[in-house]
Amino acid sequence: MTAAPPEDLLLPVPDEDGAPFWEYAARGELRVQACADCGRLRFPPRPCCPHCQSFSSEWRLMSGRGRIWSYVQPHPPLLPAYAAQAPYNVILVELAEAPHIRLAGNLVTSPDAPLNSMDPARLRIGARVQAVFIEMGGVTLPRWILEKS
């Protein structure tokens, strides 16, 4: 099955606070905002640290490794552009370096594979995954593949 054109899919609209996340993703890097004063990681990005109220921040490189914390298979897909790719998954990944940070995405067999490329029977809470990246509609999106043993 062919994938829907990128303009038909929901794509992120970067804002001022999150723009660096997308700029690093375009370079193939998974980075998370951290407070430059107390050092705590935070996601989603925001202007002020919720722990110490500092407005100073930096972006820390993550390994891109994590575990599936939760997942869902939309039945039926809510938007027509996704119907041709059903059944597909949406997963929440807790990052290896920061389990309190969870990123949403899709588990696929390769970076450029369609959303429905992963056999739904292979989805497991706790499965180890690795971030990969794909450019779509002018935005580079993180996706996830199963980590090789």
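# Group meeting: a walk through the predicted model

The accessible surface of the protein chain comes to about 8200 Å², and 55% of that surface belongs to carbon and sulfur atoms.

Let me begin with the overall fold. The protein chain has two helices and eight strands, and if you read along the sequence the elements come in the pattern α-β-β-β-β-α-β-β-β-β. The radius of gyration is 16 Å, close to the 15 Å that the globule rule gives for 149 residues, so the chain is as compact as a globular protein of that length. Along its principal axes, the C-alpha trace spans about 50 × 35 × 25 Å. Of the 149 residues, 40% are buried, and when we take the contacts with a separation of 6 or more, 54% of them are between residues 24 or more positions apart.

Next, helix 1, which covers residues 19-26. Which residues of this helix are buried? They are Ala-19, Pro-20, Phe-21, Tyr-24 and Ala-25, and as a group the buried residues of helix 1 pack against strand 1 (31-35), strand 3, strand 7 (128-136) and strand 8 (139-146). Just after the helix comes Gly-28, which takes a positive phi of about 80°.

In general, a pair of aromatic rings is described by the distance of the centres and the angle of the planes. The count for this model comes to four aromatic pairs. In the pair formed by Phe-21 and Trp-22, the ring centres are 4.8 Å apart and the planes stand at 85°, which is over the 60 degrees required, so the pair is edge-to-face. The two partners can also be described by their accessibility: Phe-21, at 5% relative accessibility, counts as buried because the value is under 20%, whereas Trp-22, at 21%, counts as partly exposed. Phe-21 and Trp-22 belong with Phe-43 to one aromatic cluster.

Phe-43 takes us to the backbone, where I would like to point out two cis peptide bonds. The bond from Phe-43 to Pro-44 is cis, with omega near 5°, and Pro-44 is found in the loop between strand 2 (41-42) and strand 3. The bond from Ala-86 to Pro-87 is also cis, with omega near -5°, and here the proline lies in the loop between helix 2 (80-83) and strand 5 (90-95).

Let me return to the loop between strand 2 and strand 3, where we also find Gln-53. Gln-53 has a positive phi of about 65° although it is not a glycine, and its relative accessible area of 48% makes it partly exposed. His-51 is found in that loop as well. Is His-51 buried, partly exposed or exposed? With a relative accessible area of 39%, His-51 is partly exposed, because that value falls between the 20% and 50% cut-offs. Leaving aside its neighbours within four places in sequence, His-51 is in contact with Cys-38 and Arg-40. His-51 and Trp-69 are 18 residues apart in sequence, and their C-alpha atoms are 24 Å apart in space.

Pro-80 is in helix 2, and at 70% relative accessibility it counts as exposed, because the value is over 50%. Pro-80 and Leu-9 are 71 residues apart along the chain, while their C-alpha atoms are separated by 9.1 Å.

The other position is Leu-61, which is found in strand 3 (residues 57-61). Which residues does Leu-61 touch, not counting those up to four places away in sequence? Leu-61 touches Glu-29, Leu-30 and Arg-31. From Leu-61 to Asp-15 there are 46 residues in sequence and 20 Å in space, C-alpha to C-alpha.

Definitions and conventions. Residues numbered from 1 in each chain as written. Predicted model: local features only at pLDDT ≥ 70, side-chain atom pairs only at ≥ 80, totals over all residues. Heavy atoms only, no water. Helix = DSSP H or I, 4+ residues; strand = E, 2+ residues; numbered from the N terminus. Rg over C-alpha atoms; globule rule 2.2 N^0.38 Å. Buried < 20%, exposed > 50% of the residue type's maximum accessible area, 1.4 Å probe, protein only. Contact = heavy atoms within 4.5 Å. Areas by Shrake-Rupley, 256 points an atom, 1.4 Å probe, with all protein chains shown as cover. Phe/Tyr/Trp six-rings, centres within 6.5 Å; stacked < 30°, edge-to-face > 60°.
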